[in-house]
Amino acid sequence: MAFPLRVLLLLFLSIPFSESESNLSFKYYKKSCPDFEKIVSETITTKQMSNPATAAGTLRLFFHDCMVEGCDASVLVASNSFNTAERDADVNLSLSGDGYEVVVKAKTTLELTCPNVVSCADILAVATRDLVTMVGGPFYKVLLGRKDGLVSKASRVEGNLPRTNMSMNQMINLFASKGFNVQEMVALTGGHTIGFSHCVEFSDRLYSYSKKHATDPEINSKFAAGLRSMCANYTTDKTMSAFNDVFTPGKFDNMYFKNLPRGLGLLASDNALVKDPRTRPFVELYATNQTAFFQDFSRAMQRLSVHGVKTERNGEVRNRCDQFNSIQT
């Protein structure tokens, strides 16, 4: 049934937009930096080809940025004698250097092409989308016009990012506090289909699960044996890690969800998704329908990408992504 133009207009106007979101546009750099997306694309392609871990590292970096203070590139800021920045918070110490590097490289080129125009926050958002697409994931449109945040404090990180030992209630409540429902939480967690986790993040499932079982009995026995061998020296070598998806670790697909019912979820929080009745239906849906996963992941990423974005009034375009334009105390 066709709706009159006046009705459609009223429906559109009733959609809630924050002031910061309303300042964003898909064509924000069309005149001021027309080669923006081309430069980012070329940069991420070169980096991903030389280091295949870049896609997963950048996706995780973007998520950690947006969940704390919003998508404002605050996670890129380096600490100094006046301030301990987000990137030095305990949970962020394991963030991959590849994500930082790809943003810095793109920023360097962009500053030569159109200086003082493109924010680090926009570079990170588009680089993440392009890298996800490059390794087989869905393409989704990214609104542009974010400004870089003026605050980055390690003390503000804790409680804003999910931990592997959180209960499902804690996970759901955390995502709800950022405006995401259970289905969106599960879709975003599907980003674990690429990349790896350090052994220290799941060692308790391998060596000290309970008094009755040293190893979590819900882990596939052969998978557990392989992990115990791989992570044997994790206490002395903190870099030891394992792929989140043992079958297609470098491809963005729905294999992560297929693995969970088989006892092949690496983290306790991964395994919890297939056990809890609130999240299991979405795991089962995405395991059998990759198209549904891609569609829901795209929508969730679009929503995440505009979470807490900054505008001219409370942000800036940094000259360098790792430091504010003026010293912050």
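Predicted model: local features only at pLDDT ≥ 70, side-chain atom pairs only at ≥ 80, totals over all residues.
The structure holds four disulfides. A disulfide is a covalent bond between the sulfur atoms of two cysteines. With the bonded cysteines numbered in sequence order, the pairing reads 1-4, 2-3, 5-8, 6-7. Three of these links are described here in turn.

Cys66 is bonded to Cys71, with 2.0 Å between the sulfur atoms. The torsion about this S-S bond is 120°, and the link of Cys66 and Cys71 is right-handed. Both cysteines, Cys66 and Cys71, are buried.

Cys120 pairs with Cys321, at an S to S distance of 2.1 Å. The torsion about the S-S bond of Cys120 and Cys321 is about -95°, so this disulfide is left-handed. Cys120 belongs to helix H6, whereas Cys321 lies in the segment after strand S4 (315-316). The bond therefore ties together parts that are 201 residues apart in sequence. Cys120 has a relative accessibility of 0% and counts as buried. Cys321 counts as buried too, at 5% relative accessibility.

Cys199 and Cys231 form another disulfide, and their sulfur atoms are 2.1 Å apart. The value about the S-S bond is -70°, and the link of Cys199 and Cys231 is left-handed. This pair links distant parts of the chain, 32 residues apart. Cys199 sits in the loop between strand S2 (196-198) and helix H9 (204-207). Cys231 sits in the loop between helix H10 (221-230) and strand S3 (241-243). Cys199 and Cys231 are both buried.

Helix packing was examined for H7 and H8. Two packed helices are described by the angle between their axes and the distance between the axes. Helix H7 spans residues 168-177, and helix H8 spans residues 182-189. The two pack at an angle of about 100°, and their axes are 9 Å apart. Angles of 65 to 115 degrees count as roughly perpendicular, and H7 and H8 are therefore roughly perpendicular to each other. On the H7 side, the residues in contact are Met168, Met171, Ile172 and Phe175. They meet Val182, Met185 and Leu188 in H8. By class, the contact of H7 with H8 has seven nonpolar residues, no polar residues and no charged residues.

Two loop residues complete the description. Lys147 lies in the loop between helix H6 (120-134) and strand S1 (148-149). Lys147 has a relative accessible area of 7%. The cut-off for buried is under 20%, so Lys147 is buried. The side chain of Lys147 makes a polar contact with the side chain of Tyr28, at 3.0 Å. Tyr28 is also among the residues in contact with Lys147 when neighbours within four places in sequence are left aside.

Ala78 occupies the loop between helix H4 (54-67) and helix H5 (97-113). At 28% relative accessibility, Ala78 counts as partly exposed. Ala78 touches Ala85, Arg87 and Asp322, not counting residues up to four places away in sequence. Ala78 and Ala176 are 98 residues apart in sequence. In space, C-alpha to C-alpha, Ala78 and Ala176 are 29 Å apart.

Methods. Residues numbered from 1 in each chain as written. Heavy atoms only, no water. Helix = DSSP H or I, 4+ residues; strand = E, 2+ residues; numbered from the N terminus. Buried < 20%, exposed > 50% of the residue type's maximum accessible area, 1.4 Å probe, protein only. Polar contact = N/O pair within 3.5 Å; in protein donor to acceptor, adjacent residues only side chain to side chain. Contact = heavy atoms within 4.5 Å. Axes fitted to C-alpha atoms, helices over the stretch in contact; angles between N-to-C directions. Parallel < 35°, antiparallel > 145°, perpendicular 65-115°, else oblique. Nonpolar A, V, L, I, M, F, W, Y, C, P; charged D, E, K, R; others polar. Disulfide = S-S within 2.5 Å.
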